[in-house]
Amino acid sequence: MSLDSGTMATKRDNLRDAKPVNPLFYILVSQYLRPAIGRFFKLQTLNKDIIPRTGPGILVATHVNFFDPIWIYDVVDRPIHFVATEELFRGRILSFIVRLFGTIPFRKQAQD
């Protein structure tokens, strides 16, 4: 079975489609998951006041493990749009989860 170039382009465009943070998901995470994450990991936030409360902003963080984005989501009091490689969007379950967070896909070794 082979896919024509139109079908491949459609699949690639679906991967590129950025969705906003789901408001219900954000409320759920903010109300129920944040307190649990804070208690379990005993996070301490430093310099939180430099993150703008409204308007655009860019928070650049390199992470070394799976929990870093979750910790960032926990300590920042506003919706965040993460950027992640498009490989995370190929599996059904993981794609569903990262899209709930409003994650924006990008391709490695390509101009975006």
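I begin with burial: of the 112 residues in the chain, 23% are buried. Please bear in mind that we are looking at a predicted model. The accessible surface of the chain amounts to about 8,900 Å², and carbon and sulfur atoms account for 61% of that area.

Next, the secondary structure. The chain contains four helices and two strands, and their order along the sequence is α-α-α-β-α-β. As for the contacts, consider those in the chain with a separation of 6 or more: 57% of them are between residues 24 or more positions apart.

Let me turn to helix H3, which spans residues 67-75. Which of its residues are buried? They are Asp68, Ile72, Tyr73 and Asp74. The buried residues of H3 pack against helix H2, residues 23-41.

I now move to the surface. A nonpolar patch is formed there by Leu88, Ile93, Leu94, Phe96 and Ile97. Together these residues have about 480 Å² of accessible area. One of them, Leu94, lies in helix H4, which covers residues 92-100.

Is Leu94 buried, partly exposed or exposed? The relative accessible area of Leu94 is 36%, and therefore this residue counts as partly exposed, since that class lies between the buried limit of 20% and the exposed limit of 50%.

Terms used
Residues are numbered from 1 along each chain as its sequence is written. This is a predicted model: local features need pLDDT of at least 70, side-chain atom pairs count only at pLDDT 80 or more; totals for chains, interfaces and linings use all residues. Side-chain values use heavy atoms; hydrogens and water are left out. Buried means under 20% relative accessible area, exposed over 50%, partly exposed in between (1.4 Å probe, protein chains only). Contact means heavy atoms within 4.5 Å. Accessible areas come from the Shrake-Rupley method with a 1.4 Å probe; for residues, only the protein chains shown count as cover. Patches are made of residues with over 30% relative accessible area and no salt bridge: like charges are joined within 9 Å, nonpolar side chains (Val, Leu, Ile, Met, Phe, Trp, Tyr) within 5 Å. A salt bridge is a side-chain nitrogen of Lys or Arg within 4 Å of a carboxyl oxygen of Asp or Glu.
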